[in-house]
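Visitor: Hi! I'm new to reading structures, and I'd like to go through one with you. Could you put it up on the screen?

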Amino acid sequence: MAEAAPEAATTTEATPASGTTAGDAAQRIEPPKLHPLLRFILIRIGISLLLIWGVTIVTFLLTNLVPTDPVAAILGDRAAADPEIVAQTRERLGLDQPLIVQYFTYLSNLLHGDLGVSNQTRTPVLDSIGQVFPASIELGIGAILISVILGLLLGLLSALKQNTIVDHAIRTLSLIGISAPTFWIATVAYFVFFFKLRVVPGAGRLDPWITPPPKVTGLYTLDSLLAGQMATFTNAFGHLILPSCVLALFTIGLLTRFSRSSVLDIIKFDYVTAAKAKGLPTGTVVFKYIFRGALVPIITVVGLAFGSLLSGAVLTETVFAWNGLGQYAYRGATTLDLPVIMGVGLVIGIVYIIVNFIVDLIYGFVDPRVRVR
Amino acid sequence: MSMISIRDLNLSVTTGKETSHILRDVSFDLDAGRITGVAGASGSGKTQTGLAIMGLSPAGAQLSGSIDFDGVELVGMPAKAHNRLRGAQLSMVFQDPASAFHPMLTVGDQITDHLRHHQKVSKKQALAKAVDILGRTRVPHPDEAVRKYPHQFSGGQLQRIAFASAIICDPKVLIADEPTTALDVTVQAGILRLLRELCDDLDLAVLLVTHDFGVLSSVADSIVVMKNGVVVETGDRETVITAPKHEYTRSLIESLPGAEVAS
Amino acid sequence: MSIGTPKYSAEGSTGAEAATRDPLTPGVKRWQLRFPRSLRTPLGFVGAAILLIWLIVAVFAPLIAPFDPLAQDFPRLAAPGSENLLGTDTLGRDVFSRIVVAARTTLPAAVFVVICSAVLGSVLGAIAGYFGRAVDEIIMRIADLVFAFPTIILAMVIAAALGPGLKNAIIAILLVSWPSYARVTRSLVMTARSSEYVIAGRLLGFSAGRSLVREIAPNVISPVVVLATLDVGSAILTMAGLSFLSLGAVPPTPDWGAMISEGVSQFAAWWIAFFPGLCILTIVMAFNFIGDSLRDTLDPHTAQEVGETTS
């Protein structure tokens with residue numbers, strides 16, 4: 001990475017400048033002043049695209065930094081001993097080309113949807129990711145819903161009851177929540193709630209004897225509803241509960257802490273005193289004024305929280321035998337299947353950037369100072 | 001008969017082990033149709049007096065004494081009952097209009113939500129009244145203004161909107177806390193004129209809190225001078241300005257630029 | 001005198017005081033940490049106590065561990081009992097001994113990686129904030145790129161590329177964790193650079209570089225220390241995550257993350273996964289408790305820089 005750093009630097013140096021040029025270019029197309037929201041969106045798109053480009057550079061450089069010779073890994077020991085075969089393979093793989101040429105080959109492959117082939121199973125990485133992706137999305141949505149709702153409410157409660165026993169309890173619990181390794185919580189929760197108490201169904205996304213619903217979105221809960229299979233829905237939903245709660249635990253802690261401090265910041269504003277001075281009921285003051293103000297900074301953190309959910313998924317899906325991106329990555333990591341790991345890293349990096357882009361957009365729509373001139 | 005009469009008001013705040021006395025035996029009256037100006041430096045307790053009337057004293061504050069509002073005792077009043085008076089009978093305008101409005105809610109929403117709560121009028125009626133009141137406080141294009149957000153207005157306009165919000169429920173008492181301090185000098189006079197007008201037309205009892213003695217000498221009917229939580233002098237404007245009894249008042253008057261203000 | 005602030009008691013007089021403070025007073029350490037005081041909060045105290053216990057365990061591990069952590073001397077998957085306090089694992093090794101010995105690798109490794117990334121990140125951030133322009137752009141764009149990945153994912157990708165092993169896991173964590181220090185240091189340096197006392201120093205003929213070291217450094221150190229304390233916790237979590245993915249310490253070295261990984265497939269033998277996880281939880285908790293208490297002694301502005309979300 002020591003060599004990689006300057007290289008990545010020169011290529012990404014222009015990020016903000018290009019971000020603004022994107023805006024400027026758009027301005028040239030439409031000579032009267034660009035609507036601020038449109039301008040905002042264009043700049044965010046520019047930044048996101050540049051970040052995605054940067055992500056490809058990172059994965060490319062890492063793939064090429066591997067100390068073990070990729071040729072040896074592909075050919076196996078016996079063939080690797082033969083210099084001629086090695087040379088041929090190198091040429092076939094384009095490894096004799098300069099790094100920059102290799103990068104463009106890599107980039108063009110990526111653009112054609114080629115993320116390489118798994119060393120273990122010989123299946124194209126993109127195909128496998130496409131198959132397991134919806135499972136992770138379903139888990140991620142479940143977890144983010146739980147953590148946003150609980151995190152915001154607990155944070156709000158904690159801030160409004162500042163320095164009371166309730167506040168101290170919530171703060172301590174949220175600190176503990178962000179201190180526990182998710183994969184361990186997953187193991188313990190699975191042991192307690194399934195193995196001992198039998199209150200949740202076992203591993204996987206469905207009980208083994210139930211056939212998955214016809215694929216539309218790939219989310220079992222949604223697809224079973226679309227197909228009108230209530231029994232399947234109930235089963236899929238039951239299977240979803242424990243994994244998403246476990247996954248949400250860390251982000252609940254994160255969001256609780258953040259929304260607490262965010263609400264405490266807002267309470268200081270005059271407009272809160274002004275709202276009280278108008279004799280509005282407490283509920284209105286809290287939800288219409290305080291919560292709305294605190295929501296803006298919180299929204300940006302939800303994007304970050306999604307990042308830790310993705311990380312958590314990689315570590316917890318295995319425990320629940322949840323056939324998603326995380327389990328795929330886990331298998332790739334334990335077998336040192338580099339194309340798989342890089343593919344997952346790339347996809348998660350891109351998803352993360354897109355989620356943060358969407359979060360930025362929501363932010364733009366919610367805050368009239370961005371939306372209205 | 002005064003609208004509000006404050007007698008021997010004491011306020012102390014306890015934080016941890018320390019108790020600080022913010023108001024000591026404060027007594028003065030507010031009369032309908034008159035502007036009572038409270039002058040004093042930062043920390044003199046003038047803002048806290050206003051907040052005590054509104055029932056918005058800080059958490060952990062102990063109030064004693066009496067605040068009589070039109071025959072109703074405000075000190076020790078249950079929070080719910082006080083909340084029914086706030087916004088409806090007792091209203092307040094803040095120092096910095098830019099931070100006194102929620103940036104994410106429209107002006108129309110913010111100046112009518114208490115009207116709708118207190119008087120149970122429909123959204124449509126409330127907005128119609130808002131347009132009417134905004135016209136009265138001379139906000140340009142009131143019908144468009146209600147749909148706009150606070151950041152689309154200048155400070156002076158926002159302060160006019162804040163006055164509109166304060167009077168929309170036809171209150172009896174208006175507390176204006178440094179309403180011109182955060183504003184550009186050029187719009188200050190306009191705001192003070194508006195305050196005078198509203199006071200006269202609506203027969204409001206106004207408490208004007210300011211550290212600027214010049215403001216008081218131009219608009220207040222009577223003046224209360226406070227220092228370190230104690231009222232050092234009260235009286236009609238003329239009396240206080242031409243014949244100040246207390247040394248502190250004299251120093252405030254002497255610090256005014258030129259004698260023409262005192263005339 | 002603003003009436004919206006909750007600090008009514010002094011009626012803003014402290015604000016006036018701060019405003020009139022002599023801008024030329026050198027080295028006003030506005031963000032000084034008060035260690036003993038912050039550890040007096042209940043959470044800080046609990047954190048310090050837990051940490052102390054773990055330090056003792058790590059230092060005296062060979063004396064505390066009853067058996068050789070690598071010896072496969074016992075019946076496999078024996079439940080916790082009088083001989084094997086916390087049971088044995090799939091290979092018949094004593095879980096308690098392995099846990100105790102693993103503290104010796106995890107703790108120093110986590111502290112080491114955090115110190116390295118704090119130094120690296122602060123230096124890069126200071127350079128970016130001090131020189132600005134192109135240098136700033138280059139450094140901060142790389143930082144943005146690191147932030148474009150969730151931490152464990154990037155660490156996983158780097159560790160996988162470098163190959164499994166404790167050393168590579170440390171390098172991976174170092175590479176993913178320096179940017180938060182760079183951001184904080186950069187913004188503090190930029191604020192301090194334009195502050196009155198540094199400008200005053202320049203007027204007196206001191207170079208900005210001298211001011212940077214003498215006046216700014218004291219102000220930057222406290223937030224970085226707080227960030228680092230909280231970061232030891234996340235470093236331990238990331239390291240455990242990498243071991244869980246078999247990208248950390250190579251077997252048979254005892255390692256908490258790897259032990260949990262082994263326990264996942266052994267439901268009947270819950271003790272294999274349960275106790276190492278408890279170790280991770282308590283030690284990360286200790287650092288978070290201490291870091292949180294330390295941050296409360298920072299001024300609100302700097303606390304915000306350090307952020308509520310150090311994940």
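Guide: Happy to! Before we count anything, a helix here is a DSSP run of H or I with at least four residues, and a strand is a run of E with at least two. Keep in mind too that this is a predicted model.

Visitor: Good to know. How many helices and strands are there in chain C?
Guide: Chain C has 13 helices and zero strands. Read from the N terminus, its elements are α-α-α-α-α-α-α-α-α-α-α-α-α.

Visitor: And how many in chain A?
Guide: Chain A contains 17 helices, again with zero strands.

Visitor: What share of each chain is buried?
Guide: For chain C, 52% of its 311 residues count as buried. In chain A, the buried part is 43% of 373 residues.

Visitor: Let's switch to how the chains meet. How many residues of chain C are in contact with chain A?
Guide: On the chain C side there are 51 residues, in contact with 62 residues of chain A. Several helices of chain C supply at least two residues each to that side, namely α6 (133-147), α7 (151-162), α10 (208-244), α11 (256-264) and α12 (271-296).

Visitor: Which one gives the largest share?
Guide: That is α12(C), with 10 residues. By class, this side of chain C has 34 nonpolar, 12 polar and five charged residues.

Visitor: Nice. How many residues of chain A are in contact with chain B?
Guide: There, 19 residues of chain A are in contact with 24 residues of chain B. Helices α13, α14 and α17 (368-371) of chain A each supply at least two residues of that side, and α13(A) gives the most, with six residues. The side of chain A that touches chain B has nine nonpolar, four polar and six charged residues.

Visitor: At what angle do α13 and α14 of chain A pack?
Guide: Helix α13 (residues 270-277) and helix α14 (residues 282-316) of chain A pack at about 155 degrees, with their axes 10 Å apart. Angles over 145 degrees count as roughly antiparallel, so α13(A) is roughly antiparallel to α14(A). Their crossing is right-handed.

Visitor: Which residues make the contact?
Guide: From α13(A) they are Tyr271(A), Val272(A), Ala275(A) and Lys276(A), and from α14(A) they are Val285(A), Tyr289(A) and Ile290(A). By class, that contact has six nonpolar, no polar and one charged residues.

Visitor: One last topic: which loop does Asn163(A) lie in?
Guide: Asn163(A) lies in the loop between α8 (125-160) and α9 (165-177) of chain A. Although Asn163(A) is not a glycine, it has a positive phi of about 65 degrees.

Visitor: Is His141(B) buried or exposed?
Guide: His141(B) counts as exposed, with 11 C-beta neighbours inside 10 Å. His141(B) has a positive phi too, of about 50 degrees, and is not a glycine.

Note on methods. Residues are numbered from 1 along each chain as its sequence is written. Chains are lettered from A and ligands numbered from 1 in the order in which they are written. This is a predicted model: local features need pLDDT of at least 70, side-chain atom pairs count only at pLDDT 80 or more; totals for chains, interfaces and linings use all residues. Axes are lines fitted to C-alpha atoms, for helices over the stretch in contact, and angles run from 0 to 180 degrees between N-to-C directions. Angles under 35 degrees count as roughly parallel, over 145 as roughly antiparallel, 65 to 115 as roughly perpendicular and the rest as oblique. A crossing is left-handed if the near helix is turned anticlockwise from the far one by less than a right angle, and right-handed if clockwise. Two residues are in contact if their C-beta atoms, placed from the backbone, lie within 7 Å. Ala, Val, Leu, Ile, Met, Phe, Trp, Tyr, Cys and Pro count as nonpolar, Asp, Glu, Lys and Arg as charged, and the others, Gly among them, as polar. A residue is buried if 20 or more other C-beta atoms lie within 10 Å of its own, exposed if 12 or fewer, and partly exposed in between; C-beta atoms are placed from the backbone.
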